[in-house]
Amino acid sequence: MEEGNEDSSFSGLDEDEDSGGFCVMSECFFLDHVGEVLLSRNPDGLSWKCLDSSDCEGATCLGIINSENCKTEIKFSDIYAVEFANYGLVHSPKAGLVHAKECFRDRLLNTQEMHRFTVHGLQKSPKEPCLWKLAAFTFGHMNLQTCQSWMDHLNYSLIKEVERPRNLLVFVHPKSGKGNGSKVWETVSKIFICAKVNTKVIVTERAGHAFDVMASIQKNELHSYDGIIAVGGDGFFNEILNGYLLSRLNVPLPPSPSDFLNSVQSRGSSSVPESEDAVHETDQNQKEHYPLLPDSVQEVMNFRTVNGSCEGIEDPDHPFSGERPRFGLIPAGSTDAIVMCTTGARDPITSALHIILGRKLFLDAMQVVRWKTSSTSAIEPFIRYAASFAGYGFYGDVISESEKYRWMGPKRYDYVGTKVFLKHRSYEAEVMFEEAEPENAKASSPHKRSKTWPFRNTPRSEKILCRAKCSICNCKADGNSVGTTPDSFPKKIRWCRTKGRFLSIGAAVMSNRNERAPDGLVVDAHLSDGFLHLILIKDCSRPKYLWHLTELAKKGGEPLNFEFVEYHKTRAFTFTSIGEESMWNLDGEIFEAHHLSAQVLRGLIPLFASGPEV
């Protein structure tokens, strides 16, 4: 190809107005390490096709075998930058990329110098689609004006990609995980620079530093950022989230354990289940049902919508009203369960690309309230939020004991977990939870609930896993979409009470997949369905508990299918400890509570992620 030569059958600019007014462009370029290609700009991205297609059958372009004449493409939604690469070398095909027929034997046998531009994007592995890799495609042409024209058109197409961030506030935890938080940010920061995303970086200097910054940041400055990014683990993300929410979110609190105590005492024998209501097939001496709470408790509960949404704040001057900033998490922690559940890969580059490309989903959050009571003082609620998990007993003992061994890094959890397991402590407690109604209950009868609920023994093949573009997370009950407020509140709320000794009590907002539990605590938990997953492990022998933990640690395990395990989907629960106490583990942070209540807030957290891909 020579400068100024426009007579080739493929050369020159071919623009056609399609029905939507889009200009389709086609031009011959040399693709670095591939050879001469016909490059086309389509409505949704770029595509290129190796020339001399008759000789390309069976060839491999860019390491990808393509039977359709080596045609390759990249969508605009997967491109994060286009930049001029100056005048320089464009290399001939790499050895091993061309089959025996030698796809380009008559073209570009030698390295040439020409004007170049580079398209930066991502590539997904067919075997691991959740793992995103950086990809750079350098196109060369002898005509500088041609390169500049294509760059202008491509950058214009990228500008039209909505919801991509331009200004971010980044918190870096230098001692997170193995102490490599700063190194992780140094690696991914180059991608943000290439994508022309401005970042204000704060490297935390002490525990609670990020919390204090988020709690005190002014509204105008907060709105100047398109997102808040955490470089660290789940606990660090929890710190930033609480700093933002505690000073801004204003929703009524869930009922306290004393609300139920007072209502039950005033009802006498009315706590017996109504005859028309089915009950769980469990020991009624340990579990009681309250089909319809009295008006005093109903009023406490009526703050929440049918789908558990926290929406409905109408005051425009309220700091939480209006558009909420998106949050992002780049993994550098010990477990990184939130990243595993929202991107499918524990990989900093993958998470950085989700952020830069403006991927978006919503996460449920759990509001946890500690109630302090005494004979001389009123109830004083202390509020915290969790994005992934709250655990008591075994989970609380592990997190509290592991604080003594931080010098061990992530290995401390294995060491401390073994110690706590061998001690085999159980704790007496009382738990009350709102019983969720099965999805098929309304269709069958408005008064009956399935005895198989909460489907602890549902076959694995029938469980719907949370994936990218999840229909369950994106669609709402009663015809309401995520983030909307229904016109009416639930009239009847059915509560159950269970009391006994427990090895652990867990409430999961999401599946909590991680390297130690590849399927998570609940394999079919969803990111934004408005439910908590309450898991009660009753006191049992050490071998039985080990069996449960073994099932939890293996792919395809069934950790919930034991007679000593209770599993319930719920929107809210209360907890009261009796006697010796453990600690609560909130997203990896220690939380002490004798009286506790929790509720789910549906779709509260906008996140830079798109969910795990199949």
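This is a predicted model: local features need pLDDT of at least 70, side-chain atom pairs count only at pLDDT 80 or more; totals for chains, interfaces and linings use all residues.
Residues are numbered from 1 along each chain as its sequence is written, and side-chain values use heavy atoms, with hydrogens and water left out.

**Overall**

I looked up the totals next. The protein has 14 helices and 26 strands, taken as DSSP runs numbered from the N terminus (helices H or I, at least four residues; strands E, at least two). Of its 614 residues, 53% count as buried. My cut-offs are under 20% relative accessible area for buried, over 50% for exposed, and partly exposed in between (1.4 Å probe, protein chains only). Among contacts (heavy atoms within 4.5 Å) with a separation of 6 or more, 76% are between residues 24 or more positions apart.

**α1**

Helix α1 covers residues 144-159, and its 16 residues reach 23 Å from first C-alpha to last, close to the 22 Å expected at 1.5 Å a residue. That expectation is 1.5 Å times one less than the number of residues.

Which residues of α1 are buried? I got T146, C147, W150, M151, L154, S157 and L158. They sit on the same side of α1 because they cover an arc of only 130° around the axis, the arc being that of the directions from the helix axis to the C-beta atoms. An α-helix has 3.6 residues a turn, so residues three or four places apart point the same way. The buried residues of α1 pack against β2, β3, β4, β8, β9 and β10. On the face turned away from them I found the exposed residues Q145, Y156 and I159.

T343 is in helix α8 and is buried, at 4% relative accessible area. Its side chain reaches the backbone oxygen of V339 at 2.9 Å, and a polar atom of that side chain lies 3.0 Å from the backbone oxygen of A345. Beyond neighbours within four places in sequence, T343 touches C130, T350, S351, H354, A609, G611 and P612.

D347 is in the loop between α8 and α9. Buried or exposed? Buried, with 15% relative accessible area. The side chains of D347 and T350 make a polar contact of 2.7 Å. With neighbours within four places set aside, I list L131, W132 and P331 as contacts of D347.

**Positive phi**

H33, in the loop between β2 and β3, has a positive phi of about 70° although it is not a glycine. At 26% relative accessibility, H33 is partly exposed. H424 also turned up, with a positive phi of about 55° and again not a glycine; H424 lies in the loop between α11 and β19 and is buried at 18%.

Note on methods. A polar contact is a pair of N or O atoms within 3.5 Å; within protein, one must be able to donate a hydrogen and the other to accept it, and residues adjacent in sequence count only if both atoms are side-chain atoms.
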